[in-house]
Amino acid sequence: DFGAAVSTTVLAEESPRGETYRRVLEEHFNALVAENAMKWYAIQPEPGPRLWTEADQFLDFAAERGLRFRGHTIFWSKAHWVQDWVHELTQEALRAVVEDHLRSVVQRYAGRLTGWDVNNEMMTGSFFLDRLGPEIRPWMYRETRRLDPGVPLFLNEYGLLRDDAKLDAFLEHCRELLRQGAPVGAIGLQQHHLTELIVGDEREGPGQLERGGLDPAEAISPWQIWERLDRLSGLGLPIVLTEISCATPDEARKADALGTLLRVAFAHPRVEGFYLWGFWEGAHFKGRQGALITRDWEWLPAAEAVFDPWRDEWRTLLEAMPDGEGEIAFRGFFGDYRIAWTGEDGAAREVEVTLGADRWRAAP
């Protein structure tokens, strides 16, 4: 997956900027996630009927264009992001609305998503744990799995690629949930502090840190990120970089940092996706400093750093003649292929297939 977090407000606009925004999504990404529209506070800001329109329209947009779609997020464990009216509920009433919301949202979108963030950022938030007890967390995962058996259930957290102590705690956190019977099916990694990433080879020495304006105590290298991905791989679960951004006025540093992290992610055998948390200045939570494309739709260096490999370098284009057995051997990237050929009768034919780690698979 090469995806982006999307503003449903801009997406729905019948305006030149809305049209351009939709076109960029279609042309440059194969997966999407709603920045806010599927969060509980957006769907049910007040007690009573839920507001499904934005999330529904977003999923329809993705489905019509063959784009994959992540679910973010059923619950958010940080009290700051829980609605005031939910804070005011008794324990019994809270349990009832939690159950009602989970069943409503999961059943509505069952079978349509490539993953659900079930209870976001549980290592740094404990709203539901504190009020409903430790059983609520594995229950959320079990109930989501019961209602939508095919969807991967993510444990989504930030800071794991830059903090070994937090990574140690996360590994135990995940194992404990699994011991409690939570069907955790994938790891989601957020990384919003990429200005600390050393670009190039860390063996160049301290001069590189000085040139980049980095504090040696805070800097992280591609090698460290790879090692931390390896440690996470020990859980035996797929990994997706779910929220990626780099906010800095230094456009060259932003491009180098995003491009470097993308290459590490693409190369690592356990990583299955990479999602930018916004791309356009007019709809990015960090504004121009985090954007890849300006408000006037001009590409910044960061856009070239992440779009060019995905669009050109990591695709397999080949023209060849089959051998006497009718076979063609080649080395190609995993993914979806369109194969077109002309038979001996002069008729043109075409087929779509998927090249995976094990075999060719015919597209449905």
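At which residue does α13 bend, and which proline follows within four residues? The helix bends by about 35 degrees at Phe-307, and Pro-309 is the proline that follows; the bend is the angle between axes fitted to the seven residues ending there and the seven starting there. The structure is a predicted model, in which local features need pLDDT of at least 70 and side-chain atom pairs count only at pLDDT 80 or more, while totals for chains, interfaces and linings use all residues. Residues are numbered from 1 along each chain as its sequence is written, and side-chain values use heavy atoms, with hydrogens and water left out.

Helix α13 covers residues 301–313. Helices (H or I, at least four residues) and strands (E, at least two) are DSSP runs, numbered from the N terminus. From first C-alpha to last, the 13 residues of α13 reach 17 Å, close to the expected 18 Å, which is 1.5 Å times one less than the number of residues.

Buried residues of α13 include Val-306, Phe-307 and Trp-310; buried means under 20% relative accessible area, exposed over 50%, and partly exposed in between (1.4 Å probe, protein chains only). An α-helix has 3.6 residues a turn, so residues three or four places apart point the same way. Among the elements that cover the buried residues of α13 are β1 (2–6) and α12 (251–267), where contact means heavy atoms within 4.5 Å.

Arg-331 lies in the loop between α13 and β9 (335–342). Arg-331 counts as exposed because its relative accessibility is 83%. Leu-318 is 13 residues from Arg-331 in sequence, and their C-alpha atoms are 10.0 Å apart.
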